[in-house]
Amino acid sequence: MRKNMDEVRISDKEALNKYMKSVPYGEYSDVRRKIIEGCKIPTYTFSNWMSGIARIPELHKDKIEEIIGISIFNHPSKAV
């Protein structure tokens, strides 16, 4: 179970990093600020997500995707 959670954390980190690296240089700070304010998190939490130290909660993944306007995370299939 622990290994699976580590894999999810790392894949989420890679997805967020890949997106943030694609943001134009002049817009990076604005996108970062919008994510931090939209998720209502401290700056250090965003840094922890980017480095893979902390896991990105599912609700925050949804909020990030809502803010940036595209889907970047692999969501687990949800039973209906």
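Leaving aside its neighbours within four places in sequence, which residues is Asn48 in contact with? In this predicted model, where local features need pLDDT of at least 70, side-chain atom pairs count only at pLDDT 80 or more and totals for chains, interfaces and linings use all residues, the partners are Ile53 and Ala54; contact here means heavy atoms within 4.5 Å. Residues are numbered from 1 along each chain as its sequence is written, and side-chain values use heavy atoms, with hydrogens and water left out.

Asn48 has its place in helix H3; helices (H or I, at least four residues) and strands (E, at least two) are DSSP runs, numbered from the N terminus. Asn48 counts as partly exposed because its relative accessibility is 23%, given that buried means under 20% relative accessible area, exposed over 50% and partly exposed in between (1.4 Å probe, protein chains only). Lys13 stands 35 residues from Asn48 along the chain, and their C-alpha atoms are separated by 9.1 Å.

Helix H3 itself covers residues 43-51 and packs with helix H2, residues 28-39, at an angle of about 110°, their axes lying 10 Å apart. Axes are lines fitted to C-alpha atoms, for helices over the stretch in contact, and angles run from 0 to 180 degrees between N-to-C directions. H2 is therefore roughly perpendicular to H3; that label applies from 65 to 115 degrees, while angles under 35 count as roughly parallel, those over 145 as roughly antiparallel and the rest as oblique. On the H2 side, Tyr28, Arg32, Ile35, Ile36 and Cys39 take part, meeting Thr43, Phe46, Ser47, Trp49 and Met50 of H3. Seven of the residues in this contact of H2 with H3 are nonpolar, two are polar and one is charged. For this grouping, Ala, Val, Leu, Ile, Met, Phe, Trp, Tyr, Cys and Pro count as nonpolar, Asp, Glu, Lys and Arg as charged, and the others, Gly among them, as polar.

Within H3, the buried residues are Thr45, Phe46, Trp49 and Met50. Viewed down the axis of H3, these buried residues fall within an arc of 140°, so they line one face of the helix; the arc is that of the directions from the helix axis to the C-beta atoms. Gly52, which follows H3, has a positive phi near 85°.

Between H2 and H3 runs a loop that holds Lys40. Lys40 counts as exposed because its relative accessibility is 75%. Its phi is near 55°, a positive value in a residue other than glycine.

A further helix, H4 (residues 58-68), packs with H2 at an angle of about 135°, again with axes 10 Å apart. That angle makes H2 oblique to H4. Here Val31, Lys34, Ile35, Gly38 and Cys39 of H2 meet His60, Lys63, Ile64, Ile67 and Ile68 of H4. Six residues of this contact of H2 with H4 are nonpolar, two polar and two charged.

Val31, a residue of H2, is buried, with a relative accessible area of 13%. Apart from neighbours within four places in sequence, Val31 touches Tyr19, Met20, Val23 and Ile68. In H4, the residues Lys61, Ile64, Glu65 and Ile68 are buried. They fall within an arc of 95° when seen down the axis of H4, so they line one face of that helix. The face of H4 turned away from this buried side carries the exposed residues Leu59 and Glu66. H4 is followed by Gly69, whose phi is positive, near 85°.
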